Each structure stands twice: as C-alpha cells, then as structure tokens.
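Subject: A structure for you to look at

Hello,

Here is the structure I promised to pass on, with the sequence alongside. Have a look at it first, and then read on for what I found.

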Amino acid sequence: MTRSPLSDRVEVYGRSVQALLHAMEFLKLKARQVLSSHGIESLEPEEWYPMQSVLDSFNDILEQVGPHTTRSIGHSVPRSAVFPPSISSFESALESLDQAYRMNHRGSGDIGSYRYQPGGGKSASMVCDNPYPCEFDQGVIEALYDRFPPRDSIRLRIEHGSGGCRGKGSHACTYFLTW
Ligand SMILES: [Zn+2]
C-alpha cells in the first residue's frame with residue numbers, strides 16, 4: 001500500500017477524519033497521540049489535512065490497536081463525512097460512495113476509487129482500490145446499510161473476493177454484497 005507520491009498533494013476534509021476520534025471514544029488519547037505523531041495536532045472539522053498523514057495514522061491504528069477498531073472508524077464515517085444530499089436508499093448510497101469520497105478529498109493525484117456494480121436483485125459488488133485499509137471500507141459499507149436499511153432485509157453479508165486484498169499488498173479489494 002505504498003502510494004505516497006500522490007498523497008502529499010492530496011488533502012482530506014477534517015470532518016471525515018473526525019470519524020477516527022468518534023470511533024475511538026474510549027481510546028481518545030491514543031487516537032490523538034497517533035494523529036499528532038503524524039503532524040495533526042488539532043483536528044478542525046472545516047480544515048484539510050495531508051492525506052499521507054491520515055493514511056499513516058490509519059496504518060498505526062491497524063497495527064497497534066487492531067482491525068476491529070479500524071472497522072469501527074469506517075462505521076462512523078457516514079456520520080461525520082460529507083455525503084451527496086440525494087441519497088435515498090442503500091443502493092444509491094453505494095453508488096454515491098465514490099462521489100462522497102471525492103467530496104472529502106481535494107488536490108491532484110490518483111486517490112483510487114469505490115467502484116459500484118449492481119448485481120441481480122439484492123446484491124452488488126464494490127471494488128475498492130483506494131489506499132484506505134480493507135477493514136475500514138467494510139465498516140463504511142456496513143454503516144451505509146445501517147443508515148439506509150433496505151426493505152425486507154435482515155442483514156448485510158459482505159464476502160471478500162478471492163482476487164487479492166490490499167491488506168496483503170494487492171491493488172484492490174472486491175466485496176460481494178448480499179442483503
Ligand atoms: Zn481486502
């Protein structure tokens with residue numbers, strides 16, 4: 001997951017980085033220590049922060065705290081980050097995720113994407129080749145399901161495709177979603 005040449009030219013919107021603090025409520029001191037060790041001393045919602053610092057913070061949390069917490073940060077993203085106002089369903093939320101991703105990042109550079117592909121019936125696939133951790137993106141998708149619960153659905157199932165994982169050095173993760 002070394003994409004560093006792009007990341008110093010890309011910034012992340014403070015509101016979306018706040019998800020990290022919200023998810024780590026009981027580990028707030030740890031969260032602040034990690035952020036400040038990468039140059040983010042105070043987190044202002046309307047400010048922008050270097051993407052590389054944010055990614056380095058995510059990697060530290062994944063390594064030092066664990067995948068469960070990384071997933072929780074993903075869970076709290078839709079609560080904090082900017083999303084397009086037109087979302088009305090789980091499918092439209094999945095479809096808008098890439099746009100939301102772009103609304104929360106600025107600057108020039110290839111930041112990767114969230115590629116939504118509708119499946120038959122209550123299924124879809126999502127290809128994520130952005131530099132955030134796999135667990136984080138699964139948390140984001142789960143949170144969209146919770147926020148826009150589809151009718152006649154009891155739970156969301158996320159199956160990780162076998163074609164490689166960013167956590168193991170691959171370029172992208174594919175998730176097969178059924179609900
Ligand atoms: Zn993965």
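Let's begin with cysteine 134, which sits in helix H7. Please keep in mind that this is a predicted model. Is cysteine 134 buried or exposed? It has 23 other C-beta atoms within 10 Å, and because 20 or more make a residue buried, cysteine 134 counts as buried. Leaving out residues up to four places away in sequence, cysteine 134 touches Cys165, Arg166, Gly167 and Cys173.

How many of the residues of H7 are buried? The count is 10 of 14, so the helix is mostly covered. Besides Cys134, the buried ones are Glu135, Phe136, Asp137, Gln138, Gly139, Val140, Ile141, Ala143 and Leu144. What do they pack against? Their partners are the helices H4, H5 and H6 (90–103), together with the strands S5 (123–128), S6 and S7 (173–178).

Helix H5 covers residues 67–80, and with 14 residues it reaches 20 Å from its first C-alpha to its last, close to the 20 Å expected at 1.5 Å a residue. H5 is mostly covered too, with 11 of its 14 residues buried. Among them are Thr69, Thr70, Arg71, Ile73, His75 and Val77. The buried residues of H5 pack against helix H2 (14–23), helix H4 (51–64) and H7.

How do H5 and H7 meet? Their axes are 7 Å apart and the packing angle is about 40°, which makes the two helices oblique to each other. H5 passes H7 in a right-handed crossing. On the H5 side, the contact is made by Pro67, Thr70, Arg71, Ser72, Ile73, Gly74, His75, Val77 and Pro78. On the H7 side, it includes Glu135, Phe136, Asp137, Gln138, Gly139, Val140 and Leu144. Sorted by type, the residues of this contact are 8 nonpolar, 6 polar and 5 charged.

H5 has another helix to pack with, namely H4. Here the angle is about 135° and the axes are 6 Å apart, and H4 and H5 are therefore oblique to each other. Phe58, Ile61 and Leu62 of H4 meet Pro67, Thr69 and Thr70 of H5. Of the residues in this contact, 4 are nonpolar and 2 are polar, with no charged ones.

Finally, take a look at aspartate 152, in the loop between H7 and strand S6 (157–160). Aspartate 152 has a positive phi of about 55°, although it is not a glycine. Is aspartate 152 buried or exposed? There are 7 C-beta neighbours inside 10 Å, and since 12 or fewer make a residue exposed, aspartate 152 counts as exposed.

Enjoy exploring it!

Best wishes

Terms used. Residues numbered from 1 in each chain as written. Predicted model: local features only at pLDDT ≥ 70, side-chain atom pairs only at ≥ 80, totals over all residues. Axes fitted to C-alpha atoms, helices over the stretch in contact; angles between N-to-C directions. Helix = DSSP H or I, 4+ residues; strand = E, 2+ residues; numbered from the N terminus. Parallel < 35°, antiparallel > 145°, perpendicular 65-115°, else oblique. Left-handed = near helix turned anticlockwise from the far one by under 90°. Contact = placed C-beta atoms within 7 Å. Nonpolar A, V, L, I, M, F, W, Y, C, P; charged D, E, K, R; others polar. Expected span 1.5 Å × (residues − 1).
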